[in-house]
Each structure stands twice: as structure tokens, then as C-alpha cells.
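Subject: A structure for you to look at

Hi there,

Here is the structure I promised to pass on to you. Have a look at it first, and then read my notes below.

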Amino acid sequence: MPDIDSVNISLPSLLDEVFAKFSPRASKENIGELLVELDALLSSRVVQAALQLLDYQNIVIYHNSSKTQQIAEINEGYRHGTLKLVRLFPRINYCTCDNFQQQVVGNQTNPSTAPYTCEHVLALRLAVLLESDKLRYEELPAHKLKTLFSRFLPDNVIDD
């Protein structure tokens with residue numbers, strides 16, 4: 001039996017394999033099978049929270065004209081009178097949300113039990129795969145896209 005560390009190292013590959021196995025058409029027809037496989041790899045809390053986001057929230061992927069630069073935004077609605085937006089990059093397992101920062105990045109004391117991802121990353125991947133009606137693409141001029149990136153990345157990473 002593999003040890004916990006080797007399972008954690010192979011989890012990204014296993015997750016990619018699950019997504020690669022399902023085309024958009026096959027995913028819609030076999031969503032139950034997809035969710036069972038995701039639930040086996042990730043916590044059911046993450047899977048259920050991602051499905052809730054897909055049901056109730058909008059996801060926008062902003063991009064340049066060639067679609068080589070993209071950033072996604074998930075609108076979580078209003079909390080305490082403030083609009084809560086979560087930004088992330090498509091195809092990258094990183095999120096600015098508190099859960100990802102505390103549970104995935106911040107769980108250094110016991111990394112073998114840390115979750116691999118958060119509901120936002122999973123919801124974005126599912127929205128793209130399932131061609132969700134909650135997902136829309138919006139082309140932005142370079143200066144507006146740069147502004148969005150500047151809220152996410154350090155200044156020295158953004159190219160003009």
C-alpha cells in the first residue's frame with residue numbers, strides 16, 4: 001500500500017486524469033460518475049461547496065484577445081454589506097480565498113491531511129468542463145486586464 005506522502009504527490013495527476021476522462025458532453029451525461037470520482041479524491045465538503053457555487057454564483061473568465069492571459073472571478077454575493085469576489089487563474093490550483101490560504105497553504109503542521117484544493121478551484125474546473133450556463137467569458141482591453149492582474153499578482157510579475 002502506498003504511503004500518504006506518495007498519495008498526496010500523485011493526487012494532482014489523479015485529478016487531472018479524472019477531468020481528462022470526461023468530455024463536456026460525456027460529463028453532462030455521466031455527472032454522477034464524475035462526482036463520485038471527485039468525491040473519492042477530494043473531501044465531500046469541497047465537492048458539495050463547489051456544486052453550490054455552480055448552482056448559485058456566476059463565474060467570469062476575463063481574457064485578452066488571444067486568450068493567452070486569463071483570470072477568473074467568482075461572485076459570492078454580499079457578505080456584511082460588501083461584495084465578495086474571489087479571483088483565481090484557470091488551470092492553476094491556487095485561490096485567494098480564506099479556506100485555501102488556511103487549509104491548503106497554511107496547513108504545514110500536518111501536510112498529509114491538508115486538502116488539495118478549495119471549492120472555488122473545483123467549481124471553476126467543473127464550470128469549464130460542463131460548459132456551465134453560470135460561466136461566461138469576457139474579453140478585456142489590456143489596461144483593464146492588467147488592473148485585474150495587479151490585484152492578484154506582485155507588481156514585478158505583470159508585463160506591459
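Leaving aside its neighbours within four places in sequence, Leu-126 is in contact with Phe-19, Leu-34, Leu-38, Ala-50, Leu-51, Leu-54 and Glu-131. Please keep in mind that this is a predicted model.

**The cores**

Leu-126 belongs to the largest nonpolar core, which has 34 residues. Within this core, Leu-126, Leu-38 and Leu-122 touch the most other members. Which elements each supply at least two residues of this core? They are the helices α1 (4–21), α3 (31–41), α4 (44–56), α5 (98–105) and α6 (119–130), together with the strands β1, β2 and β3 (82–88). Helix α6 gives the most, with eight residues. There is also a second, separate core of nine residues, and Phe-89, Leu-140, Leu-148 and Phe-152 are among them. As background, nonpolar side chains tend to be buried together in soluble globular proteins.

**The whole chain**

Now for the wider view. The protein has seven helices and four strands, and along the sequence they follow the pattern α-α-α-α-β-β-β-α-α-β-α. Of its 160 residues, 39% are buried. If you take the contacts between residues at least 6 apart in sequence, 54% of them join residues at least 24 apart. The accessible surface comes to about 9700 Å², and carbon and sulfur atoms account for 50% of that.

**Salt bridges**

How many salt bridges does a search of the whole structure find? The search finds five, and I will walk you through some of them. In general, side chains of opposite charge can pair when their charged atoms come close.

One of them joins the side chains of Arg-45 and Glu-119, at 3.2 Å from N to O. Arg-45 sits in helix α4 and Glu-119 in helix α6, so this pair ties together parts that are 74 residues apart in sequence. Are these two partners buried or partly exposed? Arg-45 counts as partly exposed because its relative accessibility is 43%, whereas Glu-119, at 12%, counts as buried.

Another salt bridge is formed by Glu-73 and Arg-87, whose closest N and O atoms are 2.9 Å apart. This pair links distant parts of the chain, with Glu-73 in strand β2 and Arg-87 in strand β3, 14 residues apart. Glu-73 has a relative accessibility of 11%, so it counts as buried. Arg-87 also counts as buried, at 15%.

Arg-136 and Glu-138 meet in a salt bridge too, with 2.5 Å from N to O. Here Arg-136 is partly exposed, with a relative accessible area of 43%, and Glu-138 is partly exposed at 27%.

**A buried asparagine**

Last, please look at Asn-64. Where is its place in the chain? Asn-64 is in the loop between β1 (58–63) and β2 (70–79). Its relative accessible area is 14%, under the 20% cut-off, so Asn-64 is buried. The side chain of Asn-64 reaches the backbone nitrogen of Thr-68 at 2.9 Å. A polar atom of that side chain also lies 3.2 Å from the backbone nitrogen of Gln-69. Apart from neighbours within four places in sequence, Asn-64 is in contact with Gln-69, Glu-139, Leu-140 and Leu-145.

Enjoy exploring!

Best wishes

Conventions:
Residues numbered from 1 in each chain as written. Predicted model: local features only at pLDDT ≥ 70, side-chain atom pairs only at ≥ 80, totals over all residues. Heavy atoms only, no water. Buried < 20%, exposed > 50% of the residue type's maximum accessible area, 1.4 Å probe, protein only. Polar contact = N/O pair within 3.5 Å; in protein donor to acceptor, adjacent residues only side chain to side chain. Contact = heavy atoms within 4.5 Å. Core = buried A, V, L, I, M, F, W, Y, C linked by side-chain atoms within 4.5 Å. Areas by Shrake-Rupley, 256 points an atom, 1.4 Å probe, with all protein chains shown as cover. Salt bridge = Lys/Arg side-chain N within 4 Å of Asp/Glu carboxyl O.
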